[in-house]
Amino acid sequence: MLLIPCPWCGPRDEAEFRYGGQARVAYPEDPWALDDTAWAEYLFVRDNPEGWFAERWFHTAGCRRWCDVMRDTATNRVAGSAPTGASLTEVTK
Amino acid sequence: MTGFRSVPVPAGSEATVSFNGRELAARAGEPLAATLLANGVRTVASGVYTDRPRGIVGLGTEEPCGYVRVDSPPIESMAQATRVETHDGLCARSLNGYARLPEGEEAPRGDRVWAHCDVLVVGAGPAGIAAATAAARAGARVILACDAPQPGGGLAGEWDAAEGTAAREWQEPRIAALRDEPELRLLTRTTVTGLYDHGEVVALERRPHAAASGGAVHRLWHIRAGRTVLATGSCERPIVFEGNDRPGVMLAGAAVGYARRHGVLAGQRAVVFGCHDEALWAAVALHEAGATIVAVADARPAPGPAPVAALYERGIGVLTASGVTRTTGGSGGVLSAATVAPIDSDGNATGEGRSFPCDLLAVSGGHDPATALAAHSGGRKRWSPEHAAFLPDQTPPGVRLAGAAAGTRNPAAARDQGERVGHAAAVEALAHESATDGAEVADDGAAAPVVGSGHTPPMALWTVADARTDERRAFVDLHRDATLADIRDAIGAGMTSIEHIKRYTTIGTGPDQGRTSGVPATGIVAGLLDRTMDEVGGTGSRPPWVPIPLTAVAGRELGELFDPARRTPMHDWHVAQGAVFEDVGQWKRPRYFPREGEDMRAALQRECRAARESVGALDASTLGKIMVEGRDAGTFLDRIYANNFSTLRPGRCRYGVMCTADGMVLDDGVAVRLSDTQYMCTTTSGNADTVRAWLEEWAQTEWPELCVHITDVTDHWATISVVGPRSRDVMARLAPREDLSAEGFAFMTYRDTTVLGVPARILRVSFTGELTFEVNVPAWYGRAIWEAVMAAGHPYGITPYGTEGMHLLRAEKGFIVVGHETDGTVTPVDVGLGWAVSKRKDFVGKRSLWRPDTAREDRQQLVGLMPEDGDHVVAEGAQLVAERPGSVPVSMQGHVTSSYLSPALGRSFALGLLSQGRERHGDRVYAVHLDEAVPVTVTDPVFYDKEGSRRDG
């Protein structure tokens, strides 16, 4: 079970959270400006890297706040977390 | 009688145990395996797949054969005899073949415990004791988990009398001192079963003594450790030869362990066979304990001079470059003799063998560091020819190894290593807040394991065979009954990967996880394929390290505590009325209220007729209620719902539907505008949590600039729906001063008022098509107001109805239920809610309604379905097909979503989703379920009161 550093509550068990997939995939400003392919890309296509990945977690059983977490998908190492919208330290290998 | 006690049972420790109905004298607290050996019980069980007799092979968790069933509390359907602690009255029997769960007996209780520490030390041998002590003295909070009933286990050093004595003299005062360390928690009988990410560790604590008092016999520990030290020791490795499975063939270290720790000799006349110095020291130890040493064989041409000299002093010679080629069985197939022959470095006999009569064959092929826990979270190992063993190479972050687990086989060196590693772990744990910071593990200088000074290197030896060897009787995995021939078959079938060979042969798949078979299998495969040990590698190791009873996993999360049950304020009234309940999410809701002699169908018809013809009452408290408040509440809801809410005037209600971003229906319900800045949104009963989280997600992550606050107030309110043409009369008795007329209290408005002096919010909404007053009162008053409603309605025959009636009544009106008519692949347009989709504004998911797929003309749409036989109720979930029964191929065009017998219609009816359904009213399709294909006519989904004339009474 991962230990997820909630920016508000500190490190907490993964079981307290809900996973929210890739971070920083904003709802398009004007969905109608997107053609069908681009809209489908927004809806259904996400990155799936082996390595560092910025992802969203929702502290369901805690403060009920969303945050972004930088995690290495191969090792589960966590580099840091930040409230949604705040800048999260980029990690590159 | 072959085995015996070299040390008598001390006074006060005597116990009597029963094994296969025979009473045996035991020393309380010793492992059952020791009792069996002491009493000459050689055959303990039979093979899982063969009926070959099997005896005790090991000393602890590595035991592959000696499985028993324990019938006295705590009952264990499958246990290693090496790990069952004896006590007076213990009752056990052989486990032959597979285990069976006990029937009709109460399952043992389990508990779960959560704990945190800076340093966790696994294993309490010399290295573990040193590591835990050093870590505690460095200021760390330490947990020391020890598999055995007492610390001090490790076998390293037991073989050399002088070093063994020194180890014990070092160890004993330190064990006593452990209990004085204020921040050190010693967990005995506790086996760490898995290492997971970020320092999470799971351990199983056995509490056999708690069975008598009805306490939890297992505790499953979930430990978060800053740093972990694995001082898990090693596992002794057998050698494969024909007949190596007979009772009496035992690991040499185990034979010494029984003698040294428990005062039990496993046999009187022993042959000792090995390929390293520790096996020779085992012969010394067995002789010292009182066994006659019949022969000692060492596969090496030049064994270590020190143990050879020690044996010589005892008048025992060593047969060098020799090995056991086969055993001979006596009565019942147990060991009666071992054949020793000269062998080459691959274990092939180079000359004639000689048979030595014996009742104990102590074998040791070497020691494998117990690194499985490190492997759980990504550790690797590499073959060390110098040690003739796989040693840990890369360890996972935050994990260190010490002692025999790191390949160190000298007790003094293990202690030093433990101390260094324990101290380093403490310093590191105290310097970092958690193990998630991703810090690289610093090199603590403890990498190089020490073999032991002055020892002659061990030899890697996997098999011994001669020209006559029957490989089908040379066992590699004694638990899975898998043999040398099986490995040869796997390779013959073209397999070269150790993982494939493992699965083909089942070697290492037993509950012992192949402790004693894994490395020999790699060695044999390497030999057959002419590859190196590292090229073949070992099989992956996964948790749990020892089996965990499911009762321990369940803990107390059983029955009532399995999942929280939510009950409405009126629950007890429903129970008193004999309601039949169903689960809706976590809610317990009355399904129907049967009267004497009524079945569900009869009760349902009566309840629905009352709601349509007079008055019914529904406990609707479970309806989700979410407050959306703030300056931008209207804007926010406009973006969430398909329809407009900012234009809704305070005091009014509106039905709304919301979609996921892909345009599929997420939920629906009525929202009420309480003021300019306040809305109360209702949700489907089972969906309140989902909707609340959905609103929070959009408010927080996409539109943080909007001022909105979201609060789930579902259980603040008790909700009573008073339904039917006489509902106005009932309400008039409850709120006599209110204008309840159709004009004065219009449909889709609400009023904050009082009912019998209790603050109440009354909504004029309808989920049945009938005149309805939905009365919301603070939850504390729910039961009282419910009873008042029932009393006020008594003259009109007010009838409580449940979820089944609610579903039937709404289906007659063609109202959808999210989760019945929708399943995440259905858009509002599909279910006929296109009218609710705003043309003017954007909302989440709107763009998706114009995707090529959602705009497809052959999408499945909500329809009514009339079975041609009006007495037949079609099955919900039945497929809808156009073709006549028997014709092929069949195209599946939709399915039945809801199906009932309607008292109002006097016949059966159904709702369904059907491809292009709205254009097919009047068509005949077939509802196919199991063996029946029922002809149904496609209709409009509104069956009752199409004009909506009844909603105002």
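Reply: Contact means that heavy atoms lie within 4.5 Å. In chain A, among the contacts with a separation of 6 or more, 44% are between residues 24 or more positions apart. The model is predicted, so local features need pLDDT of at least 70 and side-chain atom pairs count only at pLDDT 80 or more, while totals for chains, interfaces and linings use all residues. Residues are numbered from 1 along each chain as its sequence is written, chains are lettered from A and ligands numbered from 1 in the order in which they are written, and side-chain values use heavy atoms, leaving out hydrogens and water.

Chain A contains one helix and six strands (DSSP runs numbered from the N terminus: helices are H or I of at least four residues, strands E of at least two). Its elements follow the order β-β-β-α-β-β-β from the N terminus on. Of the 93 residues in chain A, 42% are buried (under 20% relative accessible area; exposed is over 50% and partly exposed in between, with a 1.4 Å probe and protein chains only). Along the principal axes, the C-alpha atoms of chain A fill a box of roughly 40 × 30 × 20 Å.

Opposite B:Tyr900 stands B:Phe909, in strand 47 of chain B.

What else packs together in chain B? Helix 18 (residues 727-734) and helix 19 (residues 782-793) of chain B pack at an angle of about 120°, their axes 9 Å apart. The residues that make this contact are B:Val730, B:Arg733 and B:Leu734 on helix 18 of chain B, with B:Ala788, B:Val789, B:Ala792 and B:Gly793 on helix 19 of chain B. By type, the residues of the contact are five nonpolar, one polar and one charged (Ala, Val, Leu, Ile, Met, Phe, Trp, Tyr, Cys and Pro count as nonpolar; Asp, Glu, Lys and Arg as charged; the others, Gly among them, as polar).

The largest nonpolar core has 55 residues (a set of buried Ala, Val, Leu, Ile, Met, Phe, Trp, Tyr and Cys residues joined through side-chain atoms within 4.5 Å). Helix 5 (residues 277-289) of chain B gives the most to this core, with seven residues. A second, separate core of 32 residues includes B:Leu911.

Finally, is B:Asn644 buried or exposed? B:Asn644 counts as buried because its relative accessibility is 11%. B:Asn644 lies in the loop between helix 16 (633-640) and strand 35 (653-659) of chain B. Not counting residues up to four places away in sequence, B:Asn644 touches B:Asp638, B:Arg654, B:Ser838, B:Arg840 and B:Lys841.

Conventions
Pairing = 2+ DSSP bridges. Axes fitted to C-alpha atoms, helices over the stretch in contact; angles between N-to-C directions.
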